[in-house]
2 protein chains.
Amino acid sequence: MYEHDKLSALDAITEAQRIAFAPMLFQTALCLRNTGVLDYLDKQGKRGATLRDITNNSNINEYAVSVLLDMGLSGRIVTCKEDHYYIAKVGHFLLHDTMTRVNMDFTQDVCYQGLFSLEEALKAGKPTGLKVFGEWPTIYPALSQLPHAARESWFAFDHYYSDGAFDAVLPHIFAYQPGSLYDVGGNTGKWALRCCQHDNDVSVTLLDLPQQIALARENIEAAGLSHRIGFHAVDMLGDAPLPGEADIWWMSQFLDCFSPEQIIAILNRVAGVMKPGARLCIMELFWDAQKFEAAAFSLNASSLYFTCMANGNSRFYSVEKFCHYLEMAGFRLEKRVDNLGIGHTLLICQKF
Amino acid sequence: MYEHDKLSALDAITEAQRIAFAPMLFQTALCLRNTGVLDYLDKQGKRGATLRDITNNSNINEYAVSVLLDMGLSGRIVTCKEDHYYIAKVGHFLLHDTMTRVNMDFTQDVCYQGLFSLEEALKAGKPTGLKVFGEWPTIYPALSQLPHAARESWFAFDHYYSDGAFDAVLPHIFAYQPGSLYDVGGNTGKWALRCCQHDNDVSVTLLDLPQQIALARENIEAAGLSHRIGFHAVDMLGDAPLPGEADIWWMSQFLDCFSPEQIIAILNRVAGVMKPGARLCIMELFWDAQKFEAAAFSLNASSLYFTCMANGNSRFYSVEKFCHYLEMAGFRLEKRVDNLGIGHTLLICQKF
């Protein structure tokens, strides 16, 4: 995807300035959206609107509208002809596209301020940007206490990217008619519940840290499915023994929380206890498995959220590197399905 | 320049994601530059370098290098082929181009944090972003007390954009053989000194606020040119009488500190006292007078610095609108020279 430098020198120096002033462009786009300018231009359609019209229909003054519109022109968010401004396609997506809105809110409300110290985070191997919200080792225990906008935008982002693929992937998993499934890093129990709703016979065991298990147990009791979902509290990085009865070991956006060495260690332990014929099913977002460059860009950008805000050391991997880790841990790839939900990939593996 | 929407829907949704994650791209570019990754890749040239090589030659670990490189791929700053990374043209400009470096440092050190509250600044009409540096009404009295990096980057930016055009514009002004020149908003006296060095006969009078005059006086005494440069302390927005003896009224990046109404008011007062045959010479940066789109983009982005950090209400204008203000104040444009220095425009005007 990124093998060749396709830009001319002129395009490249232009792009360099777009990068140098990227924070201005980002904030302008956000303000054009949040002050109602884009919405008003959208409603005017091909008639367009003058600076005066737009100002009269917004909650900011003419100077404010004019600096936003001129930066909007440079950002290709709007166009202008004979004193009339028009919403451009980029503006349309900023206004109407859910993915774009979720991404933008996440960047502003969760990441923007903390990203200022990205270099510090990279050097420390810690999410030093998180200090803008308080003193926390990682973002996960902080979630319930983030400022309102940050919390809303975090959950909207998580929901948009995590849950979208469940419907699409269920048939692939249940094609194996598993009697027993381990949900490793089962988190809130959402996937375990979906499995039990999808299939009347499967029994699920959630493997996760004790504090996560406690949370998941509540959700599962509330859903009345305690008789079909069991729990096994375990630190996958520790050396406590693992159970080995599952037909399917399921890991959804779990391994992206770990470094390559940790991924190999975890998978090694799983390989050591898996029963013959059992399968490891991994669902992840990989930047080099995306159909569209926009998606690859988004994933690589989101990795820096992990660096700076989440935990300082996880990321979205490339499927190329990830498959190498699988191999090093003793697995061979049996099947790969790309583009499930919002660009998820399912990797189905067996032990060598 | 921005009359037509040239993007396809696919390009536009890609561009929308580039905007949505623009702060990540900006911080990545900065870190690739500041951690030495770009410099190392530049030195490797066409040989390229592996992730391992790059890590061994930087001051950050492999994880940190890998997230930067992958975002760098998406940002077209680097390319990758067969596990070897190469610096791309964008990366070359980020590393070697003075303008790009000055812009980027200015964005990070002066503007990045304050831009978070752009919407607040637009609504308040005040540079609310400045609060990250302390309690100041505008950035000008704060300059000497900004954090070291912010001060350095501010002056580097100011120097790069303000002084570049002086050499180029002097012959245009002295073609009129002025006996007397008023330097309105003369600031530190730099232009007045240049005039006296360029021409042995001209006498210059600096018109500015009393506190600026005090500063300029020191510089001019130090240069031994007090006998040729006079001072007239005045608030150009007030109603104290102005002197009217000058052959040339010079205003360099002065009017961009004011709103359209204020510009017209100031020019009206000047028109009222100018002697017959005198000329008004204005040097400004106009975004729509630029040869390259990168320059228009940079100026429109820099306007948001004025909004958010400098004073809350000034900006780089379009020459189209600016000429309209000249006309409303009673001036006709006699001559326009574009592309002086770093994209400056000289407007020479006479009274109607």
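Residues are numbered from 1 along each chain as its sequence is written, while chains are lettered from A in the order in which they are written. Because the model is predicted, local features need pLDDT of at least 70 and side-chain atom pairs count only at pLDDT 80 or more, whereas totals for chains, interfaces and linings use all residues; side-chain values use heavy atoms, with hydrogens and water left out.

The interface is described here by its residues and its area. Chain A contributes 91 residues to the contact, and chain B contributes 91 residues, where contact means heavy atoms within 4.5 Å. The size of an interface is often expressed as the accessible area lost when the parts come together. Between chain B and chain A the buried area is about 8,400 Å², and carbon and sulfur atoms give 68% of it; this is the accessible area (1.4 Å probe) that two parts lose on being put together, summed over both. B:Tyr63, B:Phe116 and B:Phe297 supply 9% of the area that chain B buries against chain A, more than any other three residues.

On the side of chain B that touches chain A, helix α14 (residues 293–310) of chain B provides the largest share, 12 residues, with helices taken as DSSP runs (H or I, at least four residues) numbered from the N terminus.

Side chains of opposite charge can pair when their charged atoms come close. Over all chains, 26 salt bridges are found, and eight salt bridges are counted between chain B and chain A; the criterion is a side-chain nitrogen of Lys or Arg within 4 Å of a carboxyl oxygen of Asp or Glu. One salt bridge joins A:Asp70 and B:Arg315, at 2.6 Å from N to O. A:Asp70 lies in helix α5 (residues 62–74) of chain A, and B:Arg315 lies in the loop between α14 and α15 (319–328) of chain B.

Where do enclosed spaces occur? The whole structure holds two cavities of 30 Å³ or more. A cavity is a set of points on a 1 Å grid over the protein atoms alone where a 1.4 Å probe fits but cannot get out, and lining residues have an atom within 4 Å of a point; grid points are joined across faces, edges and corners, and a volume is the space filled by probe spheres set on the points. The largest cavity has about 120 Å³ of space, and its lining includes A:Glu15, A:Arg76, B:Glu15 and B:Arg76.

How values were computed. Helices (H or I, at least four residues) and strands (E, at least two) are DSSP runs, numbered from the N terminus. On a 1 Å grid over the protein atoms alone, a cavity is a set of points where a 1.4 Å probe fits but cannot get out, and a pocket is an open set with protein on both sides within 12 Å along at least five of seven lines; lining residues have an atom within 4 Å of a point.
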